[in-house]
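Subject: Structure handover

Hello,

Here is the structure you asked about. Please open it alongside this email. My notes follow below.

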Amino acid sequence: MRKKQSKFLLVTIATVLGSSIFMTQPTALANSLNNLQNEYKQLEEKKNQLNSSIIQKKGDISQNQTTQEKIHAQIQTLDNKIIETNSEVDSLLGDIERTNKEIDELHESIKVLEKKIAERDELIKERLRAVQQSGGSVNYLDVLLGASSFTDFIDRFSAVNTLMDADRKIIEEQAIDINSLDEQKSLVEEKLSKQQQSHDKLLILKESLNSQKVAKDKLVDQLEKEQETFKQEKTELEDEHNHVYEISKNVEAKIVEEQARIIEVARQAEIARKKKEAEERERQEAAEQARQKEAEQARQKEAEQARQKAASKKTSKTTVSAPVVTAAPVVTPAPVASSGNWTRPASGRFSSTYGGRNIGSGNEFHYGSDIANSLGTPVVSAADGVVSYASPMGTYGNVIMVTHSIDGQIFTTVYAHLSGFNVSSGQSVSKGQVIGKMGSTGRSTGSHLHFEVHVGPWNGARSNAVNPVRYVSF
């Protein structure tokens, strides 16, 4: 409200001042000039106050940027924790998968043992039925004593030993298999218990991961709120300053105009008297210019003759430049794709964040994050998607845009200032696939990757650009 009242007052002043311009009498002109000078003085005081506010706001902006840097450091710490937790989740999922396979193998082995034990049980039952049918029990001593001769005794003794060994072996094998079955069932129970513990730990890890992501989102929201406050306050202050400045310039122009009118009143009386004097001076000056022109032409002619004489004595020389040998740049390998839906788009130093900054042409808003590295460093797709643009574009230089669909949400990532392309429009790419090479094309001060994330399709106003650290760990 205060700002609107200030603007209304300034516009009213300008309107009143404008109406005073049409006074033509000398006294009225003098009064109008005095009024304009007073109003101009008031506007200058207003500008000085605004300049003081702007200087103070710059201090606030500097403090705001320090706050942003602290928040960004916290975000990077959370990113490291998220990467570590993702790795633990992947490792635990691998353990669970291996344990499930081991349990399946044990179940198969148990089925085989149970079948063998059941079959052997039937054999033992048959043996018992045969014993019962023979009188309730088999007396091996009677069998031996019933031999009709020594040879018959030897034969009967061998048969009895064979039968006893067979019975003993059946019982021993049955005991071994039953013991093995019990051990394998115990092992299954142990692995199932371990599997339950792994599942419980996995739930805790996932809950921790979700908490970390929520905390990160809150920090990013806080960061973007700080950035938005910085943008809004600075823009409002600059708008008011520019408004006052424009009115001040308008009043200043009117002051110059009023002064010119006052001077014109006095100058008209002098014109007639000086007219003849001016005409005489012009005639004399014209004659003097004609004499100077003739003398200059003569000097130029002599100088030209001297130059022609000197030129005839000169010989041309040809120089051959030695070829310049440029060492091949050392190229950093592509980063290893991380777990999750997103991965870092290039290796190198995280050189610039999302938000307000100054790169030499005044404060501006930076819609992405920068990674600095040597020329030709591989640039990879941050997620699975389809290349929607791969060509030069204005200040982006060589740029690639990839459209992604992640859990039903459309995203577009932008990779700018590239030195070369590895993909073309319409091509499907996977997370971590090399799509281009780092460069310094477009509006760039050195070899780096400018990386943006947009929720939805990219637009020229970049109205849906978000902070890349919300999704990608740098």
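Where in the chain is the place of Tyr471? Tyr471 sits in the segment after S12. More on that residue below.

**Confidence**

This is a predicted model. The mean pLDDT of the protein is 76. Of its residues, 68% reach 70 or more. Over residues 315-327 the pLDDT is below 50. Beyond near neighbours in sequence, that stretch has zero contacts in the model. Residues 8-27 also stay under 50 in pLDDT. For residues 8-27 the model has 23 contacts beyond four places in sequence. Where pLDDT is low, the predicted coordinates should not be read in detail.

**Overall make-up**

The protein has 474 residues, and 31% of them count as buried. It contains four helices and twelve strands. Take the contacts with a separation of 6 or more: 70% of them come from residues 24 or more positions apart.

**The strands**

Start with S6, residues 385-393. S6 pairs with S7 (residues 397-406) in the antiparallel sense, over seven bridges. Within that pairing, Val387 has Val402 in S7 as its bridge partner. S6 and S7 form a hairpin with three residues between the strands. Gly394 in this hairpin takes a positive phi near 50°.

S6 also pairs with S9 (residues 428-429). That pairing is antiparallel too, over two bridges. Gly385 stands opposite Val429 in S9.

Next comes S7 with S8. They run antiparallel and are joined by eight bridges. Val402 stands opposite Thr413 in S8. Val402 is also the residue in S7 that partners Val387. S7 and S8 form a hairpin as well, with two residues between them.

S8 covers residues 409-421. S8 pairs with S11 in the antiparallel sense over six bridges. There, the bridge partner of Phe411 is Val455 in S11. S8 is also joined to S10 (residues 434-438) by three bridges, again antiparallel. In that pairing, Leu418 stands opposite Met438.

One reminder for reading side chains here: in a regular strand they alternate between the two faces of the sheet.

**Two residues with positive phi**

Asp407 has a positive phi of about 55°, although it is not a glycine. Asp407 lies in the loop between S7 and S8. Is Asp407 buried or exposed? Its relative accessible area is 75%, so Asp407 is exposed.

Arg462 also has a positive phi of about 55° without being a glycine. Arg462 is found in the loop between S11 (448-455) and S12 (465-466). Arg462 counts as partly exposed because its relative accessibility is 24%.

**The largest pocket**

About 680 Å³ of space lies in the largest pocket. How many residues line the largest pocket? The lining has 29 residues. Asn86, Lys213, Gly340, Asn341 and Tyr471 lie nearest its centre. By type, the lining divides into eleven nonpolar, ten polar and eight charged residues. Helix H2 (26-133), helix H4 (150-311) and strand S8 each supply at least two residues of the lining.

**Back to Tyr471**

Tyr471 is among the residues nearest the centre of the largest pocket. Tyr471 counts as partly exposed because its relative accessibility is 26%. Which residues does Tyr471 contact, leaving aside its neighbours within four places in sequence? They are Lys216, Trp342, Phe411, Val453, Val455 and Val466.

Tyr471 and Lys213 are 258 residues apart in sequence. In space they are 9.4 Å apart, C-alpha to C-alpha. Lys213 is also one of the residues nearest the centre of the largest pocket.

Asp217 and Arg470 are 253 residues apart in sequence. Their C-alpha atoms are 6.4 Å apart in space. Asp217 is found in helix H4. With a relative accessible area of 29%, Asp217 is partly exposed.

Best wishes

Terms used
Residues are numbered from 1 along each chain as its sequence is written. This is a predicted model: local features need pLDDT of at least 70, side-chain atom pairs count only at pLDDT 80 or more; totals for chains, interfaces and linings use all residues. Side-chain values use heavy atoms; hydrogens and water are left out. Two strands pair if DSSP finds at least two bridges between them. On a 1 Å grid over the protein atoms alone, a cavity is a set of points where a 1.4 Å probe fits but cannot get out, and a pocket is an open set with protein on both sides within 12 Å along at least five of seven lines; lining residues have an atom within 4 Å of a point. Grid points are joined across faces, edges and corners, and a volume is the space filled by probe spheres set on the points. Ala, Val, Leu, Ile, Met, Phe, Trp, Tyr, Cys and Pro count as nonpolar, Asp, Glu, Lys and Arg as charged, and the others, Gly among them, as polar. pLDDT is the predictor's confidence in each residue, from 0 to 100. Contact means heavy atoms within 4.5 Å. Buried means under 20% relative accessible area, exposed over 50%, partly exposed in between (1.4 Å probe, protein chains only).
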